[in-house]
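This briefing concerns one protein model, shown below. The text after it sets out selected features by topic.

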Amino acid sequence: MSHIERQRQLQQEEAGEHLFANRVRVYPKSVTGPVRRFKWAVLIGCLGLYYLLPWLRWERGVKQPNQAVLLDISRERFYFFNLEFWPQDIYYLTGLLIMGAVALFLVTSLAGRVWCGYTCPQTVWTDLFMWVERLIEGDRNERMKRDAAPLTLNSAARKAAKHILWLGIAFWTGGAWIMYYVDAPTVTVQFWTGVASTEVYFFTFLFTATTYLLAGWAREQVCTYMCPWPRFQSAMLDEHSLTVTYQGWRGEPRTRGKRAANAVPAGDCVDCGACVTVCPTGIDIRDGIQLECINCGLCVDACNHVMERTGRPAGLITWDTLADQAAKAAGTHTPFRLLRARTVIYLSALVLAAVVMVVALALRPGIGLSVQHDRAPLFVRLADGNLRNGYTIKIINKAHVPVTFELTTQGLFGAILTEADEGLGPAATLGLPVKADEVGTFRVYVTGQPTTLADGTQPIDFSLRNTVSGEQTVYRSLFMGPNTEGKR
Ligand code: SF4
Ligand code: SF4
């Protein structure tokens, strides 16, 4: 039994009495191999993308931000390369979140928690922090020995260096996060010259602190206790999902040292514990699928080294399905099934959501119109007998140039429009100018004689035409007057 297993057992006994157990510190050992190399490549890709993306420029025109990806809170816009989203486009974010969730379900049902093991920010930064720790304090045994011994000048200096480097990475991470909200080159200069906003300093500090605490101190506890994903990911898994598994049918009974020679029959597991010592969450994969396992596969590399050294075939720990394991134990084999009811459902939902998103984006209007009827008075009877209704008209001009929009109405015979604030009209068609990239608000009176006022109301359509692009949109509202008793 490893020291972690022993401590966990003690913890469980203790927790039975106190409902709380202290953390057992995990000292993961470094490992080499194809899985580790792939994990490094993913880590470098993810970190490179995160840190460099805000610096990517994208030309959008005069007075427009030239950052490729920017959530500009002051202008209430989200810029993503060629796309520009307004607050009214929030439902695209909903669509994107749905797609992300379904993609995660699909990937999990195919290959278990690979998101957790490779691309989750918690895993990526923890891996980076562990690499720094190893660089300064040495590998597992060295760190364990040093932590168990009284503090010396050497170990204090190493720990201080480690924390300074961790804080440096955390600060770089927090700073990069801010650059997704404010133009990267501008905010960098402002930050270091002391003229950035209080929010910039506050959020840089906040994200520095959270990165340092979560990746440096909390580590695997975030995955085990804080993250809800391990709790419900089992709903996406079935016996045909690929997960990191110990081939118990082949490994048992375990043999160790001299016992190996006499053990009959002897399994392939030599009980060396290498798979446990490299595990970033400190578990023993030989105990079966566990909530703490993030499917990183580092134990695969560790065990394959042992198998190679002892002249046994690789793959005692490998990615496999539970169905295939059971079949192998019975001397057969169950091939991996890519298409299953759940993967087909997830894939169909993902494709459907993607198609809806693409079509919605392609048909996205460049103008927007909203019409709000005055609450009081609902109508005014003029001296000539006509009725007048007041409306607040909002026009969204998503173009990067000023545009004059033509506003007309349908449904009210002889309707005459007047713009109150700018003094435009009276006319059957109003030309309303809206500045580039802005929302124009206008007070408009509509005067006319309704033909049928069922319950005192009559539908009226406001038509808006962009005089530059010719794009049109219609908004249906109501024209109001006295009801059948002549009152309101
Ligand atoms: S058991 Fe293996 S796959 Fe699971 S977290 Fe530990 S090292 Fe990674
Ligand atoms: S690394 Fe392989 S051989 Fe060693 S204990 Fe783990 S499963 Fe057994």
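How many bridges join strand S1 (residues 69-72) to strand S2 (residues 77-80)? Four bridges join these strands, which run antiparallel. The model is predicted: local features need pLDDT of at least 70, side-chain atom pairs count only at pLDDT 80 or more, and totals for chains, interfaces and linings use all residues. Residues are numbered from 1 along each chain as its sequence is written, while chains are lettered from A and ligands numbered from 1 in the order in which they are written.

**Domains**

- The domain assignment gives domain 1 (49-85 + 120-235) and domain 2 (367-480); such bounds come from an automatic or database domain assignment.
- The centres of domain 1 and domain 2, taken over C-alpha atoms, are separated by 50 Å.

**The three-stranded sheet**

- An open sheet is formed by three strands in the order S1-S2-S3, with antiparallel pairing; two strands pair if DSSP finds at least two bridges between them.
- Strands (E, at least two residues) and helices (H or I, at least four residues) are DSSP runs, numbered from the N terminus.
- S1 and S3 are the edge strands, each of which pairs on one side only.
- On average, neighbouring strands of this sheet are turned by 10 degrees against each other, direction ignored; the axes are lines fitted to C-alpha atoms, for helices over the stretch in contact, and angles run from 0 to 180 degrees between N-to-C directions.
- Phe-78 stands opposite Phe-85 in S3, and Phe-80 has Leu-83 in S3 as its bridge partner.
- The hairpin of S2 and S3 has two residues between the strands.
- In the loop between S2 and S3 lies Phe-81, which has a positive phi of about 50 degrees although it is not a glycine.

**Ligand surroundings**

- Around ligand 1 there are 14 residues, of which Cys-279, Ile-285, Cys-293, Cys-296 and Cys-299 come nearest; a residue is near a molecule or strand if its C-beta atom, placed from the backbone, lies within 6 Å of it.
- The shell around ligand 1 has eleven nonpolar, three polar and no charged residues; Ala, Val, Leu, Ile, Met, Phe, Trp, Tyr, Cys and Pro count as nonpolar, Asp, Glu, Lys and Arg as charged, and the others, Gly among them, as polar.
- Around ligand 2 there are 15 residues, of which Cys-269, Cys-272, Ala-274, Cys-275 and Cys-303 come nearest.
- Helix H14 (274-277) and helix H15 (298-309) are the elements that give two or more residues to the shell around ligand 2, and H15 gives the most, with three residues.
- The shell around ligand 2 comprises eleven nonpolar, two polar and two charged residues.

**Nonpolar core and its helices**

- The largest nonpolar core has 25 residues, of which Cys-275, Cys-299 and Ile-317 touch the most other members; such a core is a set of buried Ala, Val, Leu, Ile, Met, Phe, Trp, Tyr and Cys residues joined through C-beta atoms within 7 Å.
- Strand S4 (243-246), H14 and H15 each supply at least two residues of this core, and the largest share, five residues, comes from H15.
- Val-276 belongs to helix H14 and is buried, with 22 other C-beta atoms within 10 Å.
- Val-276 and Ala-302 are 26 residues apart in sequence, and their C-alpha atoms are 9.0 Å apart in space.

**Backbone features in loops**

- Asp-271, in the loop between H13 and H14, has a positive phi near 55 degrees and is a residue other than glycine.
- Asp-271 is partly exposed, with 15 other C-beta atoms within 10 Å.
- Glu-252 and Pro-253 are joined by a cis peptide bond with omega about -5 degrees; Pro-253 lies in the loop between helix H12 (248-251) and helix H13 (259-262).
- A cis peptide bond also runs from Ala-376 to Pro-377, with omega near -5 degrees; Pro-377 is in the loop between strand S6 (367-373) and strand S7 (380-381).

Terms used
Buried ≥ 20, exposed ≤ 12 C-beta atoms within 10 Å, placed from the backbone.
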